[in-house]
Amino acid sequence: MTPTLPGIQLAAVDGAVPAWRAEVDAAGWRTACEAAHRAGGRLAALWASDERDRQRGFSVRVLLVLYEGLVCLELPISADRPTYPHLSDLFACAGRMHRAAFDLMGVQAVAPDGRAPDARRWLRHGAWSAEEFPLRRDFARTSTAPAGDDYAFVRVEGEGVHEIPVGPVHAGTIEPGHFRFSIVGEKVLRLEERLGYKHKGIEKRFESMTLEDGARLAGRVSGDSTVAFAWAYAMALESLSGTRPSERALLLRALLLERERILNHLGDLGYLGNDCSLAFGFAQFWRVKEDVLRANSRLFGHRYLMDRIVPGGVDCDVDASAANALNEEALRLKDELRTLRSIYYNHAGLQDRCVTTGRLLPGTAARLGVVGLAARASGHAMDARVHPGFAPYEKLQPRLVSHRNGDVAARIVVRFEEAFESLRLQRVILRNLADGALRVPLGPAREGAFGIGWVEGWRGEVLIALEAGADGRIRRCHPHDPSWQNWPALEHAVIGNIVPDFPLVNKSFNLSYSGADL
Amino acid sequence: MRKILFQIARTGTISEPAPSPDAALRQISGRLSDDVLKRLGRALAIRHVDAGSCNGCELEIHAANSPYYNLEGLGIKFVASPRHADLLLVTGPVSRNMEEALRRTYEATPEPKLVVAIGDCGCDGGVFGESYASCGRVANVIPVDVAVPGCPPSPVAILQGILTAVASLGR
């Protein structure tokens, strides 16, 4: 069923997920997004492309998730005056995406008064100058000297208020980013994040690669979600080349994705225990996680399943003895998880630290456009796996897990229950594995063809928008991690909590820096 | 409490023996005297710095802290500040936005100090290479004693890299 947006003719995008696209003008851009917002739609991603080589200026694209599926709107803007109407009043999560699009492409989102709602830079720190835009096709970096890096944090003033700057190098084995806390006593009044430290030019790198080689880079946008990104990339490439992977390959992909979910949930549950001073939890969960990693290495050839999903299918298989091993592992794991769940749920110290800590209320989550695990723990029923038309999940009937409290404890519960559900799905997948080619050859990718990939990774929805260039090369690839939407939610969840609880709250979201810094 | 104790007893001791040092991983040698290395090898404080990785190497550094590898039993401990560290464990290609932070972390680490670069990206820039936003390998920014390849390298490989850095290797 094609969604209806006022005055817009949507054309279907071929592929594994229901998706449509349309070119709009500035007025249509706003009215369509307003209509999508009214209909309960979400903004999934926003990015810009350089189309000057086609004499079409620049183009800004927004990907919306509606009830019916995905809608990609493209707004051509003039190269002489590269501004476009902002969307951050409708979708708060657009704010940082607008800023990133400006830093990389020099296209400015503006409010009706002609001014940018937030003109501060985001991904550009000092590595290139304000007059240069790396994703423009004629970009040639002229200076390597980092400029001074002053950034206008929002100041909180009042009696007894002071600031704690943290990062970019953090005190544990974590990715780099800067957190600026404004506190009074122990209480957090405000947290402001400054990210972008890991920006390593992934989108530009894609443009130097062939469509097939891009899969390897996609699998390294965020290492902890390598399966989700590799699948989304393969889905996008298959979408633009009219390729249909076999049923067997799709089921194996789902198996890998569920194993990635299990791995990450186990690791997070261990660290959440650790952050509550329950070192027992860390030791137990990381022992169990290591068992799964070793099984992955034995059965699939890689501990984190990197590069096992390839365009056209998969680069691994499960035979009868492997299926047996997986089923036996699942039984053991279920037993271990039951024991550990009962210990976590009944441990007074852990419950005391987690219940009501770091609450993200359902209303705030909706306003910020929060997705994935964090949204489900705040009362929202959303999961791309249960979206109609998402093969092969349609047949697997996954059960969506959610919780209404929105606190650290709720995110622990969702992780436990999702791990159990993934184990159940694994069993269903193994039972239903049909014969079929592991990998089919890709169809022709004509220049300008456009494809979308959309996968529910363990953290939330992972997106890839891919456009083919000449000779099987990538013209533009935009990978999108759910952390874009969820980082601002952390700023809200921590308000009113004490500073020592921040690591716990942060871990309960466990967002990717690499995935959002690109 | 009873359940926790029962689970600990049921799990038992699962630690595995440590790998041997591998001279092939060395980038530079002879920086520190055998005497210093011998002391560090008994109580080594490590500061991890992510200089721009995809976070895959971090997963394996976490995994190296699992009970299977018994790091603390080998005298190895991760610390929260470079000022407490003997060795920096650096992951990722160094993003230009992290270049300065990595240099400052290196400068904040007291002498004698060692640097181990982790992963294909740390060794040669990996899939990200050198670009407007990436300085490539760690050695392009700070001196590296030992480099451990892999995408990501396994906990055993990481451990081997660390032990190689503090081994005197018959010099």
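Predicted model: local features only at pLDDT ≥ 70, side-chain atom pairs only at ≥ 80, totals over all residues.
In strand S5 of chain A, A:Leu73 is the bridge partner of A:Ala22. The strands concerned, S2(A) and S5(A), run parallel and are joined by five bridges. Both belong to an open sheet of five strands in chain A, arranged in the order S1-S2-S5-S4-S3 with mixed pairing. At the edges of this sheet lie strand S1 (11-13) and S3 of chain A, each of which pairs on one side only. With direction ignored, neighbouring strands of the sheet are turned by 25° against each other on average. Helix H1 of chain A, residues 26-38, lies across S4 and S5 of chain A and runs at about 155° to S5(A).

The domain assignment divides chain A into domain 1 (11-110) and domain 2 (202-517). The centres of these two domains of chain A, taken over C-alpha atoms, are separated by 26 Å. In the contact between them, 25 residues of domain 1 of chain A meet 24 residues of domain 2 of chain A. On the domain 1 side, the elements that give two or more residues are strand S2 (19-23), strand S3 (42-50), strand S4 (58-65), strand S5 (70-77) and helix H2 (94-105) of chain A. Of these, S3(A) gives the most to the side that touches domain 2, with six residues. By class, the residues on this side of domain 1 of chain A comprise 17 nonpolar, three polar and five charged.

A further sheet of chain A is open and consists of three strands in the order S13-S14-S15, with antiparallel pairing. Strand S13 (450-456) and strand S15 (474-480) of chain A are its edge strands, each pairing on one side only. Neighbouring strands of this sheet are turned by 10° against each other on average, direction ignored. Seven bridges connect S13(A) with strand S14 (residues 461-468) of chain A in the antiparallel sense.

The C-alpha trace of chain B spans about 55 × 35 × 30 Å along its principal axes. A compact globule of 171 residues would have a radius of gyration near 16 Å, and the 17 Å of chain B therefore agrees with that expectation. Buried residues account for 54% of the 171 residues in chain B. Among contacts in chain B between residues at least 6 apart in sequence, 84% join residues at least 24 apart.

The two chains finally come together in a contact that takes 44 residues from chain A and 42 residues from chain B. On the chain A side, the elements giving two or more residues are helix H3 (202-206), helix H4 (214-218), helix H7 (279-300) and helix H8 (320-346) of chain A. The largest share of this side comes from H7(A), which gives seven residues. Classified by residue type, the side of chain A that touches chain B has 18 nonpolar, 14 polar and twelve charged residues.

Note on methods. Residues numbered from 1 in each chain as written. Chains lettered and ligands numbered in written order. Contact = placed C-beta atoms within 7 Å. Helix = DSSP H or I, 4+ residues; strand = E, 2+ residues; numbered from the N terminus. Nonpolar A, V, L, I, M, F, W, Y, C, P; charged D, E, K, R; others polar. Rg over C-alpha atoms; globule rule 2.2 N^0.38 Å. Buried ≥ 20, exposed ≤ 12 C-beta atoms within 10 Å, placed from the backbone. Domains from an automatic or database assignment. Pairing = 2+ DSSP bridges. Axes fitted to C-alpha atoms, helices over the stretch in contact; angles between N-to-C directions.
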